[in-house]
Amino acid sequence: MTGLNERLNAAPVVPLIGDSDADRAVATARALGQGGLSVIEVVLRSEGALEGMSAIIERGGDLIVGAGTVLTLDQAKQVRDAGAQFIVSPGLVDEIAEYCLAENIPFFPGTMTAGEVQRACALGLRDVKFFPASLAGGVPMLKALGSVFREMRFMPTGGVSAANLPDFLALPHVMACGGSWLTPKDAVETSNFAEVTRLAAEAVDIAKGVRG
Ligand code: 3PG
């Protein structure tokens, strides 16, 4: 298995899975993998999400699976114990950052202001989520943050779609874009996994078009 950075360099897109049904979450993850996206974030926003994440880790194939919407240190420990390979939060909580740094687990806290990015940097983090990307100022804001925080890399998430993906990926300090547009609720709930694969492949093509 290649590492997170290598995979994101090859295909800089992180799809979100938010399904409460473990079997459907596994099928969705496999469909994403078939489309060329092998770094997947499972968001902890439903009862069955943790079980879904474990099922993907166990049965999803050659994927790197992380946990998103991690709000507390206890949750961070729980997802780490369940095998999450990276952790994403909507905001920056110092104790989660310190735990992840100590455990050597990649952590992407949500940031949307210069102060938050600076705090993340001071804690020792170099990679952050930019959230909610479109509402927080989109590409122009990210350009401004990137010009100041030259050591930081950003993962814009929130309002990213196939339409604006090229603009975000054109910024050199964007390590990857995250989003749920790759796993539309209607496609997942009707088990239309071919559509999930199509969307993943489309994102891979867009990324290749921008980054070569
Ligand atoms: C997140 O959890 O990062 C966002 O809710 C995802 O936003 P999106 O649904 O607009 O992709």
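Buried means under 20% relative accessible area. The model is a predicted one.

**Exercise 1. Strand β6 and its partner**

Take strand β6 (residues 127-130): which residues point one way, which point the other way, and are they buried or exposed? Then work out in which sense β5 and β6 pair.

*Solution.* 
- Step 1: start with the general rule. In a regular strand the side chains alternate between the two faces of the sheet.
- Step 2: apply that to β6. D127 and K129 go one way, while V128 and F130 go the other way.
- Step 3: look across to the partner. Strand β5 (residues 107-111) pairs with β6 in the parallel sense, over two bridges. G110 is the residue that stands opposite K129.

**Exercise 2. Helix α2 against α3**

Describe how α2 packs on helix α3 (residues 49-59): what are the axis distance and the crossing angle?

*Solution.* 
- Step 1: Two packed helices are described by the angle between their axes and the distance between the axes.
- Step 2: get the numbers. The axes of α2 and α3 come within 8 Å and cross at roughly 50°.
- Step 3: classify the angle. That makes α2 oblique to α3.
- Step 4: α2 passes α3 in a right-handed crossing.
- Step 5: list who meets whom. From α2 come A22, D23, A25, V26, A29 and R30; from α3 come E51, G52, A55, I56 and R59.
- Step 6: sort these contact residues by class, which gives six nonpolar, one polar and four charged.
- Step 7: zoom in on A25 of helix α2. With a relative accessible area of 1%, A25 is under the cut-off and so buried. Leaving out neighbours within four places in sequence, A25 is in contact with I17, D19, G52 and I56. As for S54, it is 29 residues from A25 in sequence and 10.0 Å away in space, C-alpha to C-alpha.

**Exercise 3. Helix α2 against α10**

Now do α2 with α10: what are the angle and the axis separation? Follow up with T28: is it buried or exposed?

*Solution.* 
- Step 1: the two helices pack at an angle of about 40°, with axes 7 Å apart.
- Step 2: α2 and α10 are therefore oblique to each other.
- Step 3: the hand of the crossing is right-handed, with α2 passing α10.
- Step 4: the contact uses R24, A27, T28, A31, L32 and Q34 of α2, together with F193, V196, T197 and A200 of α10.
- Step 5: by class, this contact of α2 with α10 has six nonpolar, three polar and one charged residues.
- Step 6: T28 is in helix α2 (residues 22-34). T28 has 1% relative accessibility, so it counts as buried.
- Step 7: not counting residues up to four places away in sequence, T28 touches I17, T183, V188, F193 and V196.

**Exercise 4. Helix α4 against α5**

How would you classify the crossing of helix α4 (residues 73-81) and helix α5 (residues 94-103), and what is the angle?

*Solution.* 
- Step 1: the axes come within 9 Å and cross at roughly 30°.
- Step 2: angles under 35 degrees count as roughly parallel. α4 and α5 are therefore roughly parallel to each other.
- Step 3: α4 passes α5 in a right-handed crossing.
- Step 4: L73, A76, K77 and R80 of α4 make the contact with E95, I96, Y99 and E103 of α5.
- Step 5: these residues split into four nonpolar, no polar and four charged.

**Exercise 5. Positive phi in the loops**

What is phi for N104, and what is phi for S191?

*Solution.* 
- Step 1: N104 has a positive phi of about 60° although it is not a glycine. N104 sits in the loop between α5 and β5, and it is exposed, at 68% relative accessible area.
- Step 2: S191, also a residue other than glycine, has a positive phi near 55°. Its place is the loop between α9 (185-189) and α10 (193-211). At 43% relative accessibility, S191 counts as partly exposed.

Definitions and conventions
Residues are numbered from 1 along each chain as its sequence is written. This is a predicted model: local features need pLDDT of at least 70, side-chain atom pairs count only at pLDDT 80 or more; totals for chains, interfaces and linings use all residues. Side-chain values use heavy atoms; hydrogens and water are left out. Helices (H or I, at least four residues) and strands (E, at least two) are DSSP runs, numbered from the N terminus. Buried means under 20% relative accessible area, exposed over 50%, partly exposed in between (1.4 Å probe, protein chains only). Contact means heavy atoms within 4.5 Å. Axes are lines fitted to C-alpha atoms, for helices over the stretch in contact, and angles run from 0 to 180 degrees between N-to-C directions. Angles under 35 degrees count as roughly parallel, over 145 as roughly antiparallel, 65 to 115 as roughly perpendicular and the rest as oblique. A crossing is left-handed if the near helix is turned anticlockwise from the far one by less than a right angle, and right-handed if clockwise. Ala, Val, Leu, Ile, Met, Phe, Trp, Tyr, Cys and Pro count as nonpolar, Asp, Glu, Lys and Arg as charged, and the others, Gly among them, as polar. Two strands pair if DSSP finds at least two bridges between them.
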